[in-house]
Amino acid sequence: MSELYAWTDGACSGNPGPGGWGVLMRAMAGETVLKERELSGGEAATTNNRMELMAAIAALEALTRPSAITITTDSAYVKNGVTGWIHGWKKNGWRTAAKKPVKNDDLWQRLDVAQARHDVRWEWIKGHAGHAENERADELARAGMKPFK
């Protein structure tokens, strides 16, 4: 039985500015890579947080059937948001505890729907720390940004 993993990253040139997102996905059997897929995309005018969210969304939306997956992100915003803050936002009608609209609520709602059909384990990793898969996701995010620079 294989295990699924995704490493996600977002990048932005200026914040806001042109941005990109990247995903490295792997199906693994122990230490053996069975299948690998790379995804990337971008937008002309966006923020780093939006691109971090889009990377996670793209990873989940790429799955064709309900799956168990570990998603590793270097974004504390995504990790803390999806494992903690989102529950209160949903209860409050997508408003913060201070009753203000949640920033990027369109993407948070899309991420919520995308993860609902899967068994997702979220992990955080320090970015730009030499982790090969995270570095590859960063390269893909920068490539996704190029057409918009």
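Is Asp-9 buried or exposed, and what is its relative accessible area?

Mentor: Happy to! Please keep in mind that this is a predicted model. Asp-9 is buried, because its relative accessible area is 2%, under the 20% cut-off. This residue sits in strand β1, which covers residues 3-12.

An unreviewed UniProt entry places the feature "binding site" at Asp-9, Glu-52 and Asp-74. These residues span 66 residues in sequence, yet no two of their C-alpha atoms are more than 8.6 Å apart, so they gather at one spot.

Now let's see what surrounds Asp-9. Not counting residues up to four places away in sequence, Asp-9 touches both Glu-52 and Asp-74, and its other contacts include Gly-20, Trp-21, Gly-22, Asn-134 and Asp-138.

Next, turn to Glu-52, which belongs to helix α1, residues 48-61. Glu-52 is buried too, with a relative accessible area of 5%. With residues up to four places away in sequence again set aside, Glu-52 touches Asp-9 and Asp-74, and among its other contacts are Thr-8, Gly-10, Thr-73, Ser-75 and Val-78.

Helix α1 leads us to one more feature. The largest nonpolar core has 31 residues, and Val-23, Leu-60, Trp-108, Leu-111 and Trp-122 have the most contacts inside it. Helix α1 gives the largest share of this core, nine residues.

Methods: Residues numbered from 1 in each chain as written. Predicted model: local features only at pLDDT ≥ 70, side-chain atom pairs only at ≥ 80, totals over all residues. Heavy atoms only, no water. UniProt positions renumbered as here; feature names shortened; annotations may be inferred. Helix = DSSP H or I, 4+ residues; strand = E, 2+ residues; numbered from the N terminus. Buried < 20%, exposed > 50% of the residue type's maximum accessible area, 1.4 Å probe, protein only. Contact = heavy atoms within 4.5 Å. Core = buried A, V, L, I, M, F, W, Y, C linked by side-chain atoms within 4.5 Å.
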